[in-house]
Amino acid sequence: MSVQPPNAERQIWIFTHMLRVREFEERVKRTFTEHPGVIRGHTHLADGAEASIVGTLSHFRAGDAALATYRCHGYPLVLGSDPKAMMAEIYGRADGLCKGLGGSMHLTDVKRGFLGTSGIVGAGIPHAAGAAWAAQIRGKGEVVFCFFGDGASKQGAFHETLNIASLWKLPVIFVMENNGYNVVTTTAQEDANAANGEPLAIKAKAYAMPGVTVDGADPLAVHATVGAAVERARAGGGPTLVESKVYRLSAHGNIIAPPGVPLHYPEHEAITVFGKREEYEAALRGDPVPRFRATLVKSGVLSGAKADELAAQVAKEMDTAVSFAVKSPFPKLESALDNVYA
Amino acid sequence: MAQLPFIAAIDAGIHQEMRRDPSVLYFGQNLATTENHPFVAAYGHERVRVTPISETAEIGIAIGAAMAGLRPVVELYMAEFMLVAMDQVLNEAPRFRYMSGGQVKVPLVLKAGFGFAAGWAGQHTGSLTALFMGVPGLKVVVPSTAADAKGLMATAIRDDNPVVFLHHYLLTLEHGEVPDGEHLVPFGKAEIRRAGGDVTIVATGWMVPRSLAAAEKLAAEGIQAEVIDPRTVAPLDLATILKSVAKTGRLVLVDQAPRHATVAGIIAGDVAEHGFSSLKAPIIQVTARDATVPYSEPLEAYVIPDEERIIAAVRAVLKAGR
């Protein structure tokens with residue numbers, strides 16, 4: 001099996017969605033200064049993981065499903081969710097994707113196959129396996145994309161689920177976005193494989209499934225690696241663990257503070273905790289969005305002018321999302337009691 | 001009507017629903033290991049599967065399958081095994097419908113026995129019902145008869161929400177009349193097991209037959225107790241309890257859980273708030289004594305409410321007040 005590389009049109013599609021995720025996240029971050037108090041609680045941004053997210057979901061077909069974590073803004077954008085409704089949800093407004101009941105950590109868009117997001121590390125992994133059992137019963141070659149971070153791979157839910165998924169040959173692709181940090185703890189401080197110089201994908205070996213590591217900053221590499229896992233799953237071959245190495249370009253989340261303290265995004269933990277400014281600056285130099293732009297311009301897929309035009313379109317789209325969301329009303333108070341039970 | 005043991009009645013409820021609805025799944029540890037297993041024989045391995053000892057994954061898989069349109073029933077055997085996967089039970093299954101703004105349904109049943117006060121010592125004998133009942137989004141079912149075991153299981157499977165189905169282990173082999181054919185028992189509708197005008201007793205699970213036995217002994221003294229079995233504690237049929245208290249003015253709550261971990265305490269609070277004017281005497285709660293359930297038989301019996309303690313509570317509530 002070999003995966004066909006994406007054609008020029010598809011490469012532009014990938015680049016456009018990478019831009020959309022980046023621009024959306026930039027606006028979430030900016031909201032803290034431009035509209036203080038509008039975002040409450042804790043948000044987690046996907047900047048730095050765009051290539052991994054879009055490269056993976058470039059294989060998504062109607063009937064497939066995706067499940068993710070609290071760092072969940074990127075996926076629905078790629079699957080077709082309305083950024084206006086997403087931003088309104090993050091602002092807790094009536095027009096929110098989840099009617100203001102879920103917020104940043106729980107974006108869900110079932111119509112587009114984005115089935116659910118758990119805010120508890122690792123807890124969503126078995127949910128993806130359950131959705132994959134449903135896909136297996138339907139028997140139409142549909143698959144489930146299960147996104148989680150490196151930290152989740154130390155949870156029992158991860159190990160229990162990989163065992164069952166392999167045993168039952170469930171059509172699920174476990175995409176571990178390894179960003180090197182579990183909140184403010186480096187992977188080497190909390191992972192025996194990492195501490196011994198092994199890739200985290202090696203954990204798949206314990207469950208008799210393929211485990212592969214890919215450069216998550218290269219969407220074409222991700223497309224190829226995930227593509228093989230998807231083909232295997234669609235054909236009934238069972239799950240694959242893909243370790244996608246990314247660098248999150250923002251801190252784990254905005255600061256945690258009681259009401260009254262203005263929230264903001266601090267610098268990355270590499271700087272604030274470990275004093276490794278050079279590590280962070282190197283990551284910025286490898287930023288997947290300009291890197292893929294350069295690749296496309298160099299290969300002639302996209303002209304610099306066209307790339308700038310796309311960027312301007314996306315910027316406008318995301319500005320509109322902010323201006324829509326900030327004007328959206330709060331939900332009616334009684335709606336807090338809706339949807340407790342089906 | 002057929003005479004069936006409680007445990008067979010539960011199975012009858014699962015069969016009833018699996019026959020009519022191909023989206024119902026049944027899985028768990030140590031079941032479906034051979035082709036002769038009655039559920040495997042009837043519905044095949046696609047829908048009936050054995051799992052490893054992985055409660056978090058079992059319940060989590062049920063949640064994902066439910067969100068994807070199926071109706072899983074997870075065989076957990078013992079309520080304590082849910083403690084291994086408490087995040088999935090309390091903080092995943094009941095949250096997704098709400099957090100998604102009503103986009104998803106999570107129809108699943110967590111089937112577990114509880115309260116096995118038969119020498120199972122400290123870790124397999126708990127009465128954890130109250131732990132589940134206050135969680136918005138979760139329904140909690142506690143059948144006490146074979147007929148209800150079948151009908152409540154069937155209703156639980158058809159319900160579009162996560163349901164914790166708690167069956168008392170000491171009722172497992174109790175026989176009862178069970179309706180043939182389709183049988184459904186509605187949620188949120190208490191059953192008056194015995195009518196009486198002097199005192200209201202509310203009990204669930206194994207405490208229902210204990211309360212009925214106590215009521216029979218009291219009847220010999222001319223005291224008529226009304227015994228109410230809520231059958232589901234979430235939703236809770238408070239109206240039937242308040243109506244009975246309005247009639248009797250006296251309430252005894254019987255619960256197998258320790259003093260501050262009971263359904264009784266929650267009912268007492270609701271009755272005190274909404275039925276205070278009916279009460280002629282303070283509410284009395286008969287609960288387990290505050291200890292881990294001991295192994296040794298006389299000690300186990302000492303900790304868990306028995307007929308004598310229920311009778312003593314009824315006598316006390318009749319003597320107290322006005």
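Helix H1 of chain B, which spans residues 6-20, has as its buried residues (under 20% relative accessible area with a 1.4 Å probe, protein chains only) Phe6(B), Ala9(B), Ile10(B), Gly13(B), Ile14(B), His15(B), Gln16(B), Glu17(B) and Met18(B). The model is predicted, so that local features need pLDDT of at least 70 and side-chain atom pairs count only at pLDDT 80 or more, while totals for chains, interfaces and linings use all residues. Residues are numbered from 1 along each chain as its sequence is written, chains are lettered from A and ligands numbered from 1 in the order in which they are written, and side-chain values use heavy atoms, leaving out hydrogens and water.

Helices (DSSP runs of H or I, at least four residues) and strands (runs of E, at least two) are numbered from the N terminus, and the expected span of a helix is 1.5 Å times one less than its number of residues.

| Helix | Residues | Reach, first to last C-alpha | Expected |
|---|---|---|---|
| H1(B) | 15 residues | 22 Å | 21 Å |
| H13(A) | 24 residues | 35 Å | 34 Å |

In H13(A), the buried residues include Leu310(A), Val314(A), Met318(A) and Val322(A), and among the elements that cover the buried residues are helices H1 and H12 of chain A, where contact means heavy atoms within 4.5 Å.

Chain B also holds an open sheet of five strands with mixed pairing, in the order S9-S11-S10-S13-S14; strands pair if DSSP finds at least two bridges between them. Its edge strands are S9 and S14, each pairing on one side only. S9(B) and S11(B) run antiparallel and are joined by three bridges, with Val227(B) in S11(B) as the bridge partner of Arg194(B).

Technical notes
Buried means under 20% relative accessible area, exposed over 50%, partly exposed in between (1.4 Å probe, protein chains only).
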